[in-house]
Amino acid sequence: MYDHYPFQLLPLPYAYNALEPYIDAETVEIHHDRHLKAYVDHLNEALQPYPQLHNMTLEQLLINSDRLPKCIQTAVINNGGGVYNHNFYFNIMGPVNHEPGAQMLRAIEKAFGSYSNFKEQLKEAAVNRFGSGYAWLAANRCGDLKILSTANQDTLLKTGLKPILLIDVWEHAYYLKYKNLRPDYAENWFNVLDWFQVESFFQKA
Ligand code: MN
């Protein structure tokens, strides 16, 4: 899915205005075309002088980040994580808000009691993440679901957990429309979460 150096800016899978009125077109355009593009460009710049790293996938680079040359470790973690997390984020949203399927719903009810409890707990994780980062739904090796949050552009790749979905709570994801009201963004975000896409990650986990 993520190929190798030079990494590309993957096209947005829908129009800039496809997520309105919940996420405005200007936010989507700036988020994808400028923020994500900057992560892609800076990742490539960091890797450019190291041909021995040019065949590694993004996941391999992130999982083995502590074995990379010291002077590019931070750049790869931040920008590579930015590329990985944003590709995921843009892929699980869409203009059609498909409902969770039966198997997905059973797993959610087993872990959280009900869909509405799940939603409240994910929102809480999103709102309580101090500073910038993500809130996640992830599965362990037994397929049990859990909610957690991470800082900055950290991924779940070294945790052994399989990511199912994530919400970006960096201010650039919502500030133009929602200003400081992250809880309102988190609440409305569920309207653009496409469970049809989410379930493809659940099946893989
Ligand atoms: Mn972002």
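Author: Lys179 is found in the loop between α6 (175–178) and α7; helices are DSSP runs of H or I with at least four residues, strands are runs of E with at least two, and both are numbered from the N terminus. The model is a predicted one, in which local features need pLDDT of at least 70 and side-chain atom pairs count only at pLDDT 80 or more, whereas totals for chains, interfaces and linings use all residues. Residues are numbered from 1 along each chain as its sequence is written, and side-chain values rest on heavy atoms, without hydrogens and water.

Reader: What makes Lys179 count as partly exposed?

Author: Its relative accessibility is 42%. Buried means under 20% relative accessible area and exposed means over 50%, with partly exposed in between (1.4 Å probe, protein chains only). The value for Lys179 therefore falls in the partly exposed class.

Reader: Why is Met104 called buried?

Author: The relative accessible area of Met104 is 0%, so the residue is classed as buried. Met104 belongs to helix α4 (residues 102–112).

Reader: How do you know which residues Met104 touches?

Author: Contact means heavy atoms within 4.5 Å. Leaving aside residues up to four places away in sequence, Met104 touches Leu137, Leu145, Ile164, Trp195, Val198, Glu199 and Phe202. Of these, Val198 is 94 residues from Met104 in sequence, and their C-alpha atoms are 9.3 Å apart.

Reader: What makes a residue a donor of the manganese ion?

Author: Donors are N, O and S atoms within 2.8 Å of the metal (3.2 Å for Na, K and Ca); water is not among the atoms, so sites may look incomplete. Along the chain the spacing of the donors is H-x54-H-x81-D-x3-H. His86 in helix α3 (residues 70–91) and Asp168 in strand β3 (residues 162–168) are 82 residues apart and link distant parts of the chain. Both His86 and Asp168 are buried.

Reader: At what angle do the axes of α5 and α7 cross, and which hand has the crossing?

Author: The axes of α5 (residues 115–128) and α7 (residues 182–189) come within 9 Å and cross at roughly 145°. Axes are lines fitted to C-alpha atoms, for helices over the stretch in contact, and angles run from 0 to 180 degrees between N-to-C directions. The crossing is right-handed.

Reader: How are the residues of this contact classed?

Author: Lys119, Leu122, Lys123, Ala126 and Val127 in α5 meet Arg182, Pro183, Ala186, Glu187 and Trp189 in α7. They divide into six nonpolar, no polar and four charged. Ala, Val, Leu, Ile, Met, Phe, Trp, Tyr, Cys and Pro count as nonpolar, Asp, Glu, Lys and Arg as charged, and the others, Gly among them, as polar.

Note on methods
Left-handed = near helix turned anticlockwise from the far one by under 90°.
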